[in-house]
Amino acid sequence: MGIQDEQLRKLIDHIFDSHQDDVLDCDSCGCQLECLAEKVAGGASLREMWPEVEAHLMCCRDCREEWQALLCILRAESNGQLSTPEK
Amino acid sequence: MIDRTNEQWLAELTGPPDVQALALEELRGRLQRGIFYYLSRERSDLADLSSSEITQMAEDLAQDATLRVMENLDSFRGDSRFTTWATKIAVRVAISDLRRARYKDFSLDNLTADGDLLPANATGVTGTPELGPEDATERDDVMQRITAALKDALTERQYQALVAVAVQDVPLEIVAERMGTNRNALYKLLHDARRKLRTYMETQGLSTQYMMNLFQD
Ligand SMILES: [Zn+2]
């Protein structure tokens, strides 16, 4: 019973969520990701400087997952946390 | 580890065999360290794997990622560090691989508007305990109208995509693959589907505000 309720709410959230989802698509978001990730890893605010990218990341799970992964690796790298894994 | 400039990376990766081999090896190692970090620190879904399994996984993925970087060298525009761009590609390779493994059995075939995902006579919504009988009836009624709207306003493709992505949390990439399209096209298709549904539902008296109020927690 609960599952269906949950499903319905997810669907409605998705349909009626008021986010702006037509500013950027995945391709135009993805092609600038490395450049933005460097700046954000260096302390810039995504929300202030690239709100349209942030808007896309908020509503696109795939792009968000890749963005977060890239950012976490860059941060680890600049903190010297990337070591050679031992076999 | 030598820190190369972007120009050095490009020159060496396309240089004479011995120079290229060394640069490739360093690139691969670098990508592997990044992927390993990501898999071991950020992926709770891999927590059951041993460290050596993750190491092996990172090694394989780094190999694939290095090949992908080489295939795409021409598209590097130079507006970031070369290694950041390569890491972006590696992240895509790794995450795509994880998605494919996780959803290898996923099929769109049983997602049809006639299926039982959102049955017309859905009694499930009455199950929420805090709802009074009137609210529950109202929600049941709205539920039926939503089901009808999904059938009437959307194409089969739009319906399948919407349910897979919004309800079943399947990655766009996977749904796009099953549909024989790409993620960007699917994103646009979903955008159109949402807009179409909202417009249709408004004409049925199901405004955004009304829906949000009715289904808010
Ligand atoms: Zn996207």
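Two residues are in contact when heavy atoms lie within 4.5 Å. The model is predicted, so local features need pLDDT of at least 70 and side-chain atom pairs pLDDT 80 or more, while totals for chains, interfaces and linings use all residues. Residues are numbered from 1 along each chain as its sequence is written, chains are lettered from A in the order written, and side-chain values use heavy atoms, without hydrogens and water.

Start with both chains. Here 64 residues of chain B are in contact with 49 residues of chain A. The two chains bury about 5,300 Å² between them, 58% of it on carbon and sulfur atoms; buried area is the accessible area (1.4 Å probe) lost on putting two parts together, summed over both.

Next, select Glu38(A) and Arg81(B). They form a salt bridge, with the closest N and O atoms 3.4 Å apart. The rule (a side-chain nitrogen of Lys or Arg within 4 Å of a carboxyl oxygen of Asp or Glu) finds 13 salt bridges across this interface.

Now select Phe76(B) and Phe82(B). Their ring centres are 5.3 Å apart and their planes at 90°, so the pair is edge-to-face. Rings of Phe, Tyr and Trp (its six-membered ring) pair if their centres lie within 6.5 Å, with planes under 30 degrees apart stacked, over 60 edge-to-face and the rest tilted. Phe76(B) is buried at 10% relative accessibility, and Phe82(B) is buried at 0%; buried means under 20% relative accessible area, exposed over 50%, partly exposed in between (1.4 Å probe, protein chains only).
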